[in-house]
Amino acid sequence: MAGPGSAPAYPDPSTGLAKFHVPEIVFGPHALAELGHCALRVGARRPFLVTDPGIVAAGWAAEAVDHLRGAGLRPVVWSDVTPNPKDGEIAAAYEHYLDSGADVILAVGGGSCIDAAKGVAILSSNGGTILGYAGVDKVVQPIPPLVMAPSTSGTGADVSQFAVITDTDRHIKITIISRTLVPEISIIDPRLLTTMPEELNAATGLDALTHAVEAYVSRAHNRLTDHHALHAAHLITSNLRDTTLEPRRAAPRIGMAQGALEAGMAFTNAILGITHAMSHQVGGLLDAPHGVLNGVLLPHAIRFNAAEDPHRYVPLAAAVGIDVEGRPADEVADELASFIRTLADDVGVPKGLSDLGVSEADVPTLARTTLADACLATNPREVDVADVFALFRQAL
């Protein structure tokens, strides 16, 4: 077992085979104007647009519909999606998709809208119920083309092979991982980020930072994911505070849009780790904001993983501006954890899980269900239920 002062136990990523799966990406201000043409290019005639009431109120759904109609398409809009999309919402959206005779599936919104759209796509060609696809590579039949336009700067759902759905009976989140879920096209228009509420901006930004950190230290990392993870960490930590202070200024929004994109490209190929495995359980239990949970848990996860081997955290620390020259790796990793906690403080994230409604009585259940989460497989340190129990208690 490697200790803080020993050599890293990771293979050199330059010596292995790297696979890197991402969508076609349309990036930049006013990119949403390309939605109709993108839908046409993947075969749409009657596209099914998944969105939510907030995106409708902000005017982005109407703009999207205008672009689709301008391309000669007849869109069907479904907006009954809530944060942390529920299994019943996926079933209802799928029934509407069938009844409407729609084809290509689009989403304009945050990760909840995008995951709901992926859920509809899974059921449309694979049948069954959405909870039956929990785990890795359970989606075996091809799904309809997906075109996504994210409205937040963080979930990475628009480029990822993930969908996360809430099981409302068991009060947990299930993770579906399949290469089929990587969309055909991701349209990233930084204008859409300007209407996020401040708390959502903070949450999704910290979610993106967690993607970058966990992808970089993942067991499945490679030289391609490393490049994007490090640049994403730099962009996010350089721009997130500014988006809260000057939410309409273009440069920080563009920086956050790119940071979230690159973090998504990294984690969909390298997968994630213990932070996400834990936050999924709390989100399923309490319907709490996913990115906020990651902001609370990530510093604890860094210290836990670094206790066995801190070396992979040194390049991450350098990427966010920490002086690493000549310093012990364990000291640098600890400073990185403190740096992220300070950033979370600055954007208004609570100190502990108890502030979000988690109690001591919840910890045994949360620890047990975390062990079944697919994200745990690529965490750099082996984990048992006692480890997770201790981490949850530390994070209270």
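These legends go with close-up views of the pocket, the cavities and an annotated region of one predicted model. Because the model is predicted, local features need pLDDT of at least 70 and side-chain atom pairs count only at pLDDT 80 or more, while totals for chains, interfaces and linings use all residues. Residues are numbered from 1 along each chain as its sequence is written, and side-chain values use heavy atoms, with hydrogens and water left out.

**View 1. The largest pocket holds about 900 Å³ of space.** A pocket here is an open set of points on a 1 Å grid over the protein atoms alone, with protein on both sides within 12 Å along at least five of seven lines; lining residues have an atom within 4 Å of a point. Grid points are joined across faces, edges and corners, and a volume is the space filled by probe spheres set on the points. Look for Gly111, Ser112, Thr155, Leu200 and Thr204, which lie nearest the centre among the 44 lining residues.

**View 2. Helix α6 gives the largest share of the pocket lining, six residues.** Helices (H or I, at least four residues) and strands (E, at least two) are DSSP runs, numbered from the N terminus. At least two lining residues each come from α2 (53-58), α5 (111-126), β7 (162-167), α6 (198-217), α9 (274-286) and α10 (290-306). By class, the lining has 21 nonpolar, 17 polar and six charged residues (Ala, Val, Leu, Ile, Met, Phe, Trp, Tyr, Cys and Pro count as nonpolar, Asp, Glu, Lys and Arg as charged, and the others, Gly among them, as polar).

**View 3. The largest cavity has a volume of about 90 Å³.** A cavity is a set of grid points where a 1.4 Å probe fits but cannot get out, and the whole structure has two of 30 Å³ or more. Of its 14 lining residues, Pro150, Thr152, Ile188, Ala257 and Ala260 lie nearest the centre. Helix α8 (residues 250-270) gives the most to this lining, three residues. Seven of the lining residues are nonpolar, five polar and two charged.

**View 4. The second largest cavity, of about 50 Å³, is lined by 13 residues.** Both α6 and α10 give two or more residues to this lining, and α10 gives the most, with four. Nearest the centre are Glu214, Val217, Asn305, Tyr313 and Asn379.

**View 5. UniProt, in an unreviewed entry, places the feature "domain: Fe-containing alcohol dehydrogenase-like C-terminal" at residues 202-395.** UniProt positions are given in the numbering used here, feature names are shortened, and annotations may be inferred rather than shown by experiment. Over residues 202-395 the chain is 69% helix and 0% strand, with the end C-alpha atoms 19 Å apart.
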